[in-house]
Amino acid sequence: MLHGSYLLTIVIFFPAAASLALLLLRTDDRLWIRRLAMTIATVEFLFSLLLIPKVQIGVAGYQLEEFAKWINVPPINYHLGLDGISLFLVILTTFLTAVSVLASWNSIQHRVKEFFVMLLMLEVGVVGVFLSLDLFLFFLFWEVMLIPMYFLIGIWGHERRIYAAVKFVLYTMAGSILMLVGIIWLHNLSASVMPGGTFDLPTIQQMLQSGAIRLTSLEEMYLFLAFFVAFAIKVPLFPFHTWLPDAHVEAPTAGSVILAGVLLKMGTYGMIRFCLPLFPNASHRAAPVVATLAIIGIIYGALVALVQPNLKKLVAYSSVSHLGFVVLGIFAFQNISMQGAVFQMLAHGISTGALFLLVGMLYDRRHTFEISQYGGLATPMPKLAAFFLFIALSSLGLPMLNGFVGEFLILLGTYQAHWNWSAWAATGVILSACYLLWSYQRVFFGEVTVEKNRTLPDASPREKWVLVTMAVITLWMGISSPFFTRRFAAPSQNVLDQMQRQFPQEASGTPPVIPKEAGRVSLPTPLLPAPGPFAGRGGRPAERGISLRLQLSSSDDLTMQLHEPSERLARP
């Protein structure tokens with residue numbers, strides 16, 4: 001069905017293929033290893049930018065789909081697709097990978113070749129997660145991501161790196177096992193409708209939405225929890241957050257940037273892509289509990305960050321607080337809060353990634369993260385101090401910078417449904433200003449108390465390039481936020497639309513039709529619900545009274561066919 005463009009495949013596998021060239025270089029040829037790694041990461045970033053003009057604004061479904069048969073039994077297909085939500089997460093991944101290569105130019109001095117190969121393979125796994133539309137393929141990329149991150153922490157980390165790496169893998173694997181059980185369960189359920197079953201995400205969504213597959217309330221809750229716990233560990237949502245501070249503190253700077261900037265977003269992306277559309281009733285039932293955990297995470301993460309003596313751990317706990325806003329926006333089930341959640345995922349990736357870069361630059365000079373070892377650094381390094389203040393202001397939500405837009409949309413959308421959730425979450429904005437500004441005061445202002453700090457060098461030209469780039473993007477996201485929200489507004493509404501359940505065969509008494517031909521299924525035709533308060537204007541199928549029928553042919557081609565309800569109902 002879906003050929004004509006292999007751009008998604010190129011974006012996923014180009015770093016893996018190009019990293020083979022790195023293996024051909026001599027181990028001691030570190031300069032050319034760094035240059036080639038930077039070239040690969042930059043070209044990959046440019047490839048991802050080509051996706052922007054190819055994604056149509058206002059289109060809710062998947063675009064640039066690629067489909068190929070992979071394994072016949074069980075039926076696993078190579079199915080990729082892109083929408084406005086995953087578009088910017090892919091671009092964020094490729095951008096931060098290039099920044100991480102540049103940030104690691106001098107800080108990584110042993111096993112340089114292996115380090116950059118692992119960084120590029122990590123990029124392959126993360127991009128694959130955001131583009132996969134087959135459940136098994138999604139799970140495969142989810143697990144592929146673990147291996148290079150384990151080595152990045154375990155080999156190039158700090159003193160307690162092995163402990164942090166093992167803890168990271170154990171936590172993530174525990175959630176992955178639950179998700180695998182849920183994926184196999186869904187496949188077996190689809191086998192009752194389609195001979196052999198399917199792992200295809202859009203097909204399973206349509207089966208659930210049309211009523212071809214029925215779940216009891218208990219089954220739906222079990223499946224929801226299987227996926228949700230895996231994603232909550234990755235976010236991490238309180239109380240699954242305890243692996244994060246250790247992983248951040250012990251990881252090298254590049255590992256912390258990718259971990260905070262991209263890997264945490266895999267959890268919130270999974271909630272949007274899987275938990276809400278596949279299990280809407282369970283999502284609604286669990287929403288008060290999830291919102292409570294998110295609000296606890298917002299306040300708890302901020303309070304713990306406030307008392308941290310370790311600067312890198314302070315930034316790590318700020319991620320727990322900021323990602324709580326994202327989860328809250330998702331489970332408010334409002335289009336505005338959903339858009340705010342997606343935007344906050346992107347803004348957090350830039351601002352917190354930049355904070356970890358700045359903390360890493362301080363560590364390269366003093367080899368400590370303890371705040372007590374700093375003080376008065378604005379005197380010897382005024383440029384670095386200025387960049388740190390700018391990024392800190394964006395992270396605490398200063399208007400005109402990227403952190404404000406996401407938090408404002410989340411609080412606004414959440415307030416429309418649950419004003420008390422929004423009121424409690426707003427305290428996190430106040431606390432973020434407290435811990436960020438207080439830590440900045442202790443590190444950069446006052447008298448120089450440690451003699452070594454008097455002669456610390458300011459930002460180098462390479463560091464200035466990195467920081468200027470991050471600062472410009474931070475400002476641009478705050479000013480030009482419609483560039484982003486216009487592209488994921490329709491997909492956000494589509495997620496909420498997919499949560500609607502209509503089972504017309506109950507009224508007509510017509511069960512799903514299963515032809516004798518293997519691999520062919522004809523699903524019942526659902527009538528779409530009336531447009532809600534956030535329905536689009538004019539051109540939405542629900543407003544025209546059009547029903548959609550999804551038919552999977554023997555060649556696994558998905559075709560959407562439009563039928564006027566009046567014609568269908570008039571038939572005998």
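Author: What follows is a short exchange about the terms used for this model. It is a predicted model, in which local features need pLDDT of at least 70, side-chain atom pairs count only at pLDDT 80 or more, and totals for chains, interfaces and linings use all residues. Residues are numbered from 1 along each chain as its sequence is written, and side-chain values use heavy atoms, with hydrogens and water left out.

Reader: Why is Cys-275 called buried?

Author: Buried means under 20% relative accessible area, exposed means over 50%, and partly exposed lies in between, with a 1.4 Å probe and protein chains only. Cys-275 has a relative accessible area of 0%, and therefore it is called buried.

Reader: How many disulfides are counted?

Author: A disulfide is a pair of cysteine sulfur atoms within 2.5 Å, and by this rule the count comes to 0.

Reader: Why is Met-400 called exposed?

Author: Met-400 has 52% relative accessibility, and because this is over 50%, it counts as exposed. Met-400 also has a positive phi of about 85° although it is not a glycine, and it lies in the loop between helix H16 (382-395) and helix H17 (402-417), where helices are DSSP runs of H or I with at least four residues, numbered from the N terminus.

Conventions:
Helices (H or I, at least four residues) and strands (E, at least two) are DSSP runs, numbered from the N terminus.
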